[in-house]
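Me: I have a few questions about the terms used for this chain. Please set each value against its definition.

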Amino acid sequence: SGVLKSIQFKGKEMLKSPLKLNVWRAPLANEQDQWNSRSAKSNSWKTGFGEQIATEYYSNGLDTLTFYPMSVECKEVNGKIYVDVREVCLTGSSKNKEKKDLYIWGVQINGFENLYSYVISADGAINLNHKVIPQGNMPLWLPRIGLTLTLAKSFDQVEWYGRGPQENYPDRKTGYKIGVYKSLVKEMYEPYLIPQDYGVRTVNRWMKITDAEGLGLNVKMNEFFNFNASNYSTTNLTKAMYTYQLKEQDGTTLNLDYATSGVGCTARAIFNAYRALPQLYEREITILPVSGK
C-alpha cells in the first residue's frame, strides 16, 4: 500500500491507522448553514446535498477518497532507509475510474497526486518530504489539507508551541498568544450543539503527543502548521447530528494541517484569505520518537 502503518518504540505500537493525506473535516456549523452559501456555490453542486457551504465539499467527493499506490521504492544507504512512494488519491467524483486508467495520459482524474519521500534513521527519526498536487476538477477551496493518523488511545497528552491555550482557527486566532501549552486530548473537546470539527491550534512550530509515561512522538515542519486531536473519529463527528451520538473511539485522531480553512460566519462564507486553496503543497516533516520520563 505504500503507507506508514506502524511505529513501534520501546516495544509499544503507536499507530491504530496509517498516515494518510487528509482534506476532510466534519463540516462546521457555519458550513451547514444556508445563509452564507451564495458566495461558495460552484457549477459542481449536485442535488441531494442541500444549499450549504458543505455542499461544495460533498459534491466534489472530498468525504470519500480512494488511495492507489502507483510505485514504492526502498533502499538502504549508509545506515539510513530511503522509501519513495507515489500515490494517486481519487475523490468520490472519480470513483468509477479503475486503477489502470491512472496510467493513461489524458484521462480526467479528480484527486491528488502524493509524492512521499521518507528517510528513516537508526535512532528512529523519520524525515518526510510530502508533496501533494491537485489534479482535475477541484472545489473552490478545501476544508483542510495535510495528514491524518490515529494513535493508540493511551496517547492523550498534548504539548505544542503555537497559539493557545484554547481552540483557534485561521480567521479567529489573534486573541490567542503564541507560547508553549499542554493539554489532555479530552480537554480539547468543544461541546458544540452540532457535532463538528473542533479544537484546532494554529501557527505551530512543533507539537508533541505522548502517553502518561511520556512516550510518544514529536512532530515538526519546515513551515508553521495547524493540528487538532480528538477522542472521536472524523467519521463519527461528520455523521452525528446530536452530541449524544458521539462515541469515543479506541484511539486518538491526530490531524496535521498544512492549511486549514477558517470558520467564516453566519452571514458570509469563509473570506478568501482564510481558505485552504487546492494548490501544490510541499512540506518537510520530522517525526521524532519521545523516550518518556
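Me: What makes a residue part of the lining of the largest pocket, and which lie nearest its centre?
Reply: A pocket is an open set of points on a 1 Å grid over the protein atoms alone, where a 1.4 Å probe fits, with protein on both sides within 12 Å along at least five of seven lines; lining residues have an atom within 4 Å of a point. By that rule 24 residues line the largest pocket, and N22, W24, D63, T234 and T235 lie nearest its centre. The model is predicted: local features need pLDDT of at least 70 and side-chain atom pairs 80 or more, while totals for chains, interfaces and linings use all residues. Residues are numbered from 1 along each chain as its sequence is written, and side-chain values use heavy atoms, without hydrogens and water.

Me: Which strand gives the most to the lining of the largest pocket?
Reply: β3 does, with five residues. Strands are DSSP runs of E, at least two residues, numbered from the N terminus.

Me: Why is R283 called buried?
Reply: Buried means under 20% relative accessible area (1.4 Å probe, protein chains only). R283 has 7%, so R283 is buried. R283 sits in strand β14 (residues 281-291). Beyond neighbours within four places in sequence, the contacts of R283 (heavy atoms within 4.5 Å) include L128, H130, E223 and Y258.

Me: How do you know that the radius of gyration agrees with a compact globule?
Reply: The radius is taken over C-alpha atoms, and the globule rule is 2.2 Å times the number of residues to the power 0.38. For 293 residues the rule gives near 19 Å and the chain has 19 Å, so the two agree.

Definitions and conventions:
Helices (H or I, at least four residues) and strands (E, at least two) are DSSP runs, numbered from the N terminus. Buried means under 20% relative accessible area, exposed over 50%, partly exposed in between (1.4 Å probe, protein chains only).
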